[in-house]
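Please open the model in a viewer and keep the sequence panel at hand.

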Amino acid sequence: MTHRVRGVIARSKGAPVETTTILVPDPGPGEALVKVQACGVCHTDLHYREGGINDEFPFLLGHEAAGVVEAVGPDVTGVAPGDFVILNWRAVCGNCRACKRGRPWYCFSTHNATQRMTLEDGTPLSPALGIGSFAEKTLVAAGQCTKVDPAASAAAAGLLGCGVMAGLGAAINTGNVGRGDSVAVIGCGGVGSAAVAGARLAGAGRIIAVDLDDRKLAWAKGLGATHTVNGATEDVVKAIQALTGGNGADVVIDAVGRPETYQQAFYARDLAGTVVLVGVPTPEMTLELPLLDVFGRGGALKSSWYGDCLPERDFPLLIDLYLQGRLDLDAFVSETIALDGVEEAFARMERGEVLRSVVLF
């Protein structure tokens with residue numbers, strides 16, 4: 001059986017997205033059909049539209065989603081029809097060298113659905129991050145479905161599928177923020193604000209939010225920042241040092257991903273401190289640092305991929321914390337929109353007007 005549903009596609013580089021009919025097959029071996037309930041508008045989807053990921057157009061956009069499993073294919077045991085799930089783009093294989101070393105959050109061979117979703121004329125679609133959830137239904141690998149408590153709001157839960165998990169994990173998993181640590185977060189959009197929330201959840205003593213926009217600094221303050229620095233009017237490194245006894249922060253998270261913000265992070269950390277890069281650079285960016293400073297300052301320089309998360313471990317735990325009132329995922333939902341509002345949501349995101357727009361189905 002083939003399911004005819006509405007979905008949002010990017011047909012060519014830079015062109016506005018369009019809502020159209022897509023065809024979704026019944027799940028085959030190892031696959032699951034998911035009825036999408038909510039999907040966040042993430043910057044990665046805009047990268048796809050702009051050709052910044054690859055040129056395998058047309059793309060079925062959307063990847064930050066939650067919904068209900070409608071059907072599963074043969075040999076699927078981890079989820080069943082009726083399960084409320086968050087979709088993830090790290091369906092670990094269990095067999096690669098990272099998995100076999102007990103580090104599945106680095107899995108080098110994650111998998112997606114084998115069958116392709118298509119346009120009505122048979123043109124195969126490339127699903128964003130192997131998910132493609134700006135659609136009423138989507139076909140994914142069953143391992144991309146993580147079962148969580150259905151009491152959670154779909155709009156909030158779906159955000160763990162990408163940006164919010166990336167920020168929370170940058171602080172908790174990659175940065176190993178501990179009780180009483182000082183933390184600085186440079187860039188307080190959706191990912192950076194989630195890193196602030198993660199630092200708070202981990203028990204950080206001083207959390208310094210840095211941005212050029214006072215509106216974003218206010219968002220970060222609401223999510224747990226104890227201090228704010230506006231980089232448009234203050235020297236970021238000196239301001240962070242001044243707020244940490246002249247030493248610099250124990251952990252500095254760069255949620256922007258530009259050479260200038262990374263240099264700020266590098267010099268704003270304490271000796272033997274940690275820098276975490278979670279903001280995604282573009283291919284042409286390069287970085288130059290004195291090698292003696294890299295040696296002399298010690299500590300760790302880390303990149304955080306998807307918050308170094310293990311979905312089956314982290315998503316249920318974080319949803320439980322959300323339901324206990326200890327993690328305010330609702331605060332990240334700036335607005336809910338219809339499926340045909342994605343293009344306008346991209347514009348609001350670029351203008352920094354929202355933490356997340358969320359499509360509700």
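What covers the buried residues of helix H6? The model to be examined is a predicted one. Select helix H5 (190–202), strand E12 (206–211) and strand E13 (227–230), which are among the elements that cover the buried residues of H6.

**Helix H6**

Next, select residues 214–222, the extent of H6, and highlight Lys-216, Leu-217 and Ala-220, which are buried. These residues lie on the same side of H6, because they cover an arc of only 100 degrees around the axis. An α-helix has 3.6 residues a turn, so residues three or four places apart point the same way. Turn to the other side of H6, where Asp-214 and Gly-222 are exposed.

At the start of H6, display the side chain of Asp-213: one of its oxygens reaches to within 2.8 Å of the backbone nitrogen of Arg-215. Beyond H6, select Gly-224, whose phi is positive, near 130 degrees.

**Helix H4**

Proceed to residues 163–174, helix H4, in which 10 of the 12 residues are buried. Among them are Val-164, Met-165, Leu-168 and Thr-174. Just after H4, Asn-176 has a positive phi of about 50 degrees.

**Backbone features in loops**

Select Phe-57 and Pro-58, which are joined by a cis peptide bond with omega near -5 degrees. Pro-58 belongs to the loop between helix H1 (43–49) and strand E4 (59–60).

Move to Leu-129, in the loop between strand E8 (126–127) and strand E9 (137–141). Its phi is positive, near 50 degrees, although the residue is not glycine. Leu-129 is partly exposed, at 22% relative accessible area.

Then select Asp-308, in the loop between E16 and H10. Asp-308 is another residue other than glycine with a positive phi, here near 45 degrees. Asp-308 counts as buried because its relative accessibility is 6%, and the cut-off for buried is under 20%.

**A nonpolar surface patch**

Finally, show the surface and select Tyr-106, Phe-108 and Trp-305, which form a nonpolar patch with about 310 Å² of accessible area together. Tyr-106 is located in the loop between helix H2 (97–100) and strand E7 (118–119). At 30% relative accessibility, Tyr-106 is classed as partly exposed.

Methods
Residues are numbered from 1 along each chain as its sequence is written. This is a predicted model: local features need pLDDT of at least 70, side-chain atom pairs count only at pLDDT 80 or more; totals for chains, interfaces and linings use all residues. Side-chain values use heavy atoms; hydrogens and water are left out. Patches are made of residues with over 30% relative accessible area and no salt bridge: like charges are joined within 9 Å, nonpolar side chains (Val, Leu, Ile, Met, Phe, Trp, Tyr) within 5 Å. Accessible areas come from the Shrake-Rupley method with a 1.4 Å probe; for residues, only the protein chains shown count as cover. A salt bridge is a side-chain nitrogen of Lys or Arg within 4 Å of a carboxyl oxygen of Asp or Glu. Helices (H or I, at least four residues) and strands (E, at least two) are DSSP runs, numbered from the N terminus. Buried means under 20% relative accessible area, exposed over 50%, partly exposed in between (1.4 Å probe, protein chains only). The arc is that of the directions from the helix axis to the C-beta atoms. Contact means heavy atoms within 4.5 Å. A polar contact is a pair of N or O atoms within 3.5 Å; within protein, one must be able to donate a hydrogen and the other to accept it, and residues adjacent in sequence count only if both atoms are side-chain atoms.
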